[in-house]
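Please keep the structure open beside it as you read.

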Amino acid sequence: MQWASVLLLAGLCSLSWAQYDDDPHWWFHYLRSQQSTYYDPYEPYPYEPYEPYPYGVEEGPAYAYGSPPPPPEPRDCPQECDCPPNFPTAMYCDNRNLKYLPFVPSRMKYVYFQNNQISSIQEGVFDNATGLLWIALHGNQITSDRVGRKVFSKLRHLERLYLDHNNLTRMPGPLPRSLRELHLDHNQIARVPNNALEGLENLTALYLQHNEIQEVGSALRGLRSLILLDLSYNHLRRVPDGLPSALEQLYLEHNNVYSVPDSYFRGSPKLLYVRLSHNSLTNNGLASNTFNSSSILELDLSYNQLQKIPPVNTNLENLYLQGNRINEFSISSFCTVVDVINFSKLQVLRLDGNEIQRNAMPEDAPLCLRQASLIEI
């Protein structure tokens with residue numbers, strides 16, 4: 001039986017080799033056929049094409065398997081600034097004692113130049129990056145005479161412009177219609193021309209506090225999206241003409257305003273907060289319905305020259321009248337009718353620093369001001 005097995009195996013081998021008798025390279029074909037059927041689970045598939053590693057690295061990456069490769073370092077960033085690879089559309093040039101504006105790559109959308117010594121914005125400096133959304137130039141030494149007249153007009157996607165804490169004496173412009181926030185506070189601007197804000201129908205916030213503005217006039221007309229207006233710490237003697245209809249917050253404290261027209265706030269049905277403290281308001285400069293607006297929730301008239309409490313709407317929640325010359329507590333200023341159904345929603349009332357005596361509160365005051373949590377006299 002053993003001899004039979006040996007003879008059978010020899011016959012098979014002779015039969016297999018016989019098919020290569022006519023081919024002098026039969027051994028090469030035999031090895032190649034064996035290689036094509038060999039498989040090692042720990043090696044790449046046979047004849048798999050080799051792909052070099054991206055970014056010029058031919059050896060295996062140093063990061064963990066399955067994690068994305070690190071982004072390439074940007075090469076168009078000015079040497080004075082930082083352009084983080086993980087935020088490729090932002091350029092940080094702040095707090096570097098720069099005296100000029102560096103080149104802005106076209107890919108940038110957010111540029112930060114604040115807290116430097118920049119004194120000018122030359123014409124065409126942003127022409128290469130017309131897709132900018134934010135420009136931060138606050139905390140510099142920029143003067144109006146050294147700002148290009150059309151330097152911002154080509155930025156049709158610009159949403160926020162920070163020019164506060166500079167040396168501007170005039171309103172910049174023309175400005176793009178896309179603008180949503182304009183920061184011009186802490187400058188030396190003296191007036192706001194009627195056409196200074198023309199076309200800014202998307203503007204939602206305008207910061208002009210801490211300037212030297214004496215009059216605004218009708219410059220606010222057309223700002224149909226404006227929600228916040230800050231004109232505090234200026235030299236205004238009268239309130240601006242024509243408040244925007246979408247306005248919710250109005251800050252006019254620390255001015256020289258002495259009067260407010262009748263029904264002045266009716267054109268702004270969404271108005272919530274009004275601050276007119278530290279002005280020169282008197283009762284003679286206020287009509288009976290000036291503050292009778294159903295939308296206003298907070299009204300600050302502190303530190304003026306009022307002698308009587310002005311009539312307010314029953315929806316008002318916070319009223320600040322401290323530091324005036326008020327000498328009587330008139331409940332009719334809060335409730336025209338006092339009963340179980342009609343009452344004021346006032347929660348905070350400050351009358352301290354006036355000439356009212358503590359025992360001067362009327363007997364029906366608790367019924368009218370039933371929701372008040374603080375009454376300071």
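**Notes on disulfides, rings and pockets**

1. Let us begin with a cysteine: Cys81 is buried, with a relative accessible area of 6%. Please keep in mind that this is a predicted model. Cys81 is joined by a disulfide to Cys93, with 2.0 Å from S to S. The link of Cys81 and Cys93 is right-handed, with 110° about the S-S bond. Cys81 sits in the loop between helix H2 (26-36) and strand E1 (90-92), and Cys93 in the loop between E1 and E2, so the pair ties together parts that are 12 residues apart in sequence. Cys93 is buried too, its relative accessible area being 0%.

2. How many disulfides does a search of the whole structure find? There are three. One of them is formed by Cys77 and Cys83, whose sulfur atoms are 2.0 Å apart. The torsion about the S-S bond of Cys77 and Cys83 is about 75°, so this disulfide is right-handed. Cys77 has a relative accessible area of 21% and is partly exposed, whereas Cys83 counts as buried at 10% relative accessibility. The cut-off matters here: buried means under 20%.

3. Cys335 and Cys368 also form a disulfide, with 1.9 Å between their sulfur atoms. Its torsion about the S-S bond is about 85°, so the disulfide of Cys335 and Cys368 is right-handed. This pair links distant parts of the chain, 33 residues apart: Cys335 is in the loop between strand E11 (318-320) and strand E12 (348-350), and Cys368 is in helix H3 (residues 365-368). Cys335 is buried, at 3% relative accessible area, and Cys368 counts as buried at 0%. With bonded cysteines counted along the chain, the disulfides of the protein follow the pattern 1-3, 2-4, 5-6.

4. Over residues 76-110, the chain is 0% helix and 11% strand, and the C-alpha atoms at the ends are 15 Å apart.

5. Now for the rings: the structure holds seven aromatic pairs. Among them, Phe126 and Phe152 form a stacked pair, 6.2 Å centre to centre with 25° between the planes. Phe126 lies in the loop between strand E2 (110-112) and strand E3 (134-136), and Phe152 in the loop between E3 and strand E4 (160-162), so the pair ties together parts that are 26 residues apart in sequence. Both Phe126 and Phe152 are buried.

6. Is the pair of Phe329 and Phe334 stacked or tilted? The ring centres of Phe329 and Phe334 are 6.0 Å apart and the planes are at 45°, so the pair is tilted. Phe329 and Phe334 are both buried. Elsewhere, ring pairs link Phe87, Tyr110 and Trp134 into a cluster.

7. Finally, look at the pockets. The largest pocket holds about 540 Å³ of space. Its lining has 22 residues, with Arg149, Met171, Pro172, Gly173 and Pro174 nearest the centre of the pocket. The lining of the largest pocket divides into 11 nonpolar, six polar and five charged residues.

8. The second largest pocket has a volume of about 200 Å³. Of the 15 residues that line the second largest pocket, Val312, Thr314, Phe334, Cys335 and Thr336 lie nearest its centre. The lining of the second largest pocket has six nonpolar, nine polar and no charged residues.

Key: Residues are numbered from 1 along each chain as its sequence is written. This is a predicted model: local features need pLDDT of at least 70, side-chain atom pairs count only at pLDDT 80 or more; totals for chains, interfaces and linings use all residues. Side-chain values use heavy atoms; hydrogens and water are left out. Rings of Phe, Tyr and Trp (its six-membered ring) pair if their centres lie within 6.5 Å; planes under 30 degrees apart count as stacked, over 60 as edge-to-face and the rest as tilted. Helices (H or I, at least four residues) and strands (E, at least two) are DSSP runs, numbered from the N terminus. Buried means under 20% relative accessible area, exposed over 50%, partly exposed in between (1.4 Å probe, protein chains only). On a 1 Å grid over the protein atoms alone, a cavity is a set of points where a 1.4 Å probe fits but cannot get out, and a pocket is an open set with protein on both sides within 12 Å along at least five of seven lines; lining residues have an atom within 4 Å of a point. Grid points are joined across faces, edges and corners, and a volume is the space filled by probe spheres set on the points. Ala, Val, Leu, Ile, Met, Phe, Trp, Tyr, Cys and Pro count as nonpolar, Asp, Glu, Lys and Arg as charged, and the others, Gly among them, as polar. A disulfide is a pair of cysteine sulfur atoms within 2.5 Å.
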